[in-house]
Amino acid sequence: MNNLNKVSIIGAGNVGAACAQRIAERGYADIVLVDIIEGLPQGKALDILESAPILNFDSKLIGTNSYQETADSDVVVITSGLSRKPGMTRDELLLANMNIITGVTQQVANRSPNCIIIMVANPVDAMTHLAIHASQFPRNRVFGLSGILDSARLRSFIAAELNVSVEDVSACILGQHGEAMLIIPRLSTVCGIPITKILPQETITKLVERTIKAGAEIIGLLKTGSALYAPSAAVAQMVEAIILDKKQILPCASYLEGEYGIKDTVITVPVKLGKNGIEQIIELELTAKEKSALINSAKAVQQVVKAMQL
Ligand code: NAD
């Protein structure tokens, strides 16, 4: 391997392999891709590596069925786990993924005691909570993919509706990654203008509903498998913010210890991401109605976590 940063990706399925490709192509990290299926991570890693001379990157990739090669990773992305089938909710994956995530997190934490863990497996809020528990890492080093993806979905819908560049659109999404996510239109903007001032309420309602069901929309179309391109792009953005110490403000599934009046719960809030992982939790000024909606969203996560009996 080079002397680049080391990123291990657990699970070489749809999302894991796409993450490996996106991160490798940026050229600043070597990648270890791990899966339980023999040959799968080896084959995908080799295929991505063989694209390097065409795309001009020097990242090295290793595919493996063991955790030995993950030792001393800077960042570990956990994508191992079942994905939803048509008609399934994220919470229905809980028990199956709970066993996988506990084992994987322990393997990772033992070999890379200083790494930052990015959880992807669903239900992601509960799985992030579980990984904090299983790794015994501080909360700044274990967080999940959620808000970047959900807000990218809404941003793309708003941009299409108004025929503007996605670059000019921001979207504010907090809370659970699931049906109870909290979308705040008054803090979602186009060039600084709240969408509540430029879109009719019925259009906003339609876009909000589509965003909440965006993952299911893709599962319904694909029939087998779930979204991978936008999720892997979101993970790559998180990894980049950490490796390049960007101090970027991004919405991530984060463990709250009293922020927003919520304790001992992982939900999406905006955080500052840098080389230490979460370097600050940003508390937005919410209205009383929004605050109580966020507390309800957190309750939906708390119920799922309770079922894990940690
Ligand atoms: P996938 O089925 O394509 O890939 C999962 C991979 O994990 C498989 O290759 C499987 O062999 C591997 N695996 C299973 N158990 C393992 C173990 N113990 N150790 C190592 N590898 C193991 O699924 P996918 O589409 O890549 O999705 C992966 C997970 O990410 C799912 O839980 C999905 O719901 C979730 N997801 C979350 C988000 C998000 O926003 N947080 C977005 C997309 C997908």
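Contact means heavy atoms within 4.5 Å. This is a predicted model, in which local features need pLDDT of at least 70, side-chain atom pairs count only at pLDDT 80 or more, and totals for chains, interfaces and linings use all residues. Residues are numbered from 1 along each chain as its sequence is written, and side-chain values use heavy atoms, with hydrogens and water left out.

**View 1. Serine 232 and its contacts.** Serine 232 lies in helix H10, residues 229-243. Helices are DSSP runs of H or I, at least four residues, and strands are E runs of at least two, numbered from the N terminus. Neighbours within four places in sequence aside, serine 232 touches Val15, Ala18, Cys19 and Arg22.

**View 2. The side chains of serine 232 and arginine 22.** These two side chains make a polar contact at 2.8 Å. A polar contact is a pair of N or O atoms within 3.5 Å; within protein, one must be able to donate a hydrogen and the other to accept it, and residues adjacent in sequence count only if both atoms are side-chain atoms.

**View 3. Burial of serine 232.** Is serine 232 buried or exposed? Its relative accessibility is 0%, so serine 232 counts as buried. Buried means under 20% relative accessible area, exposed over 50%, partly exposed in between (1.4 Å probe, protein chains only). Across the protein, buried residues make up 54% of the 310 residues.

**View 4. Serine 232 and glycine 274.** The two residues are 42 apart along the chain. Their C-alpha atoms are separated by 19 Å.
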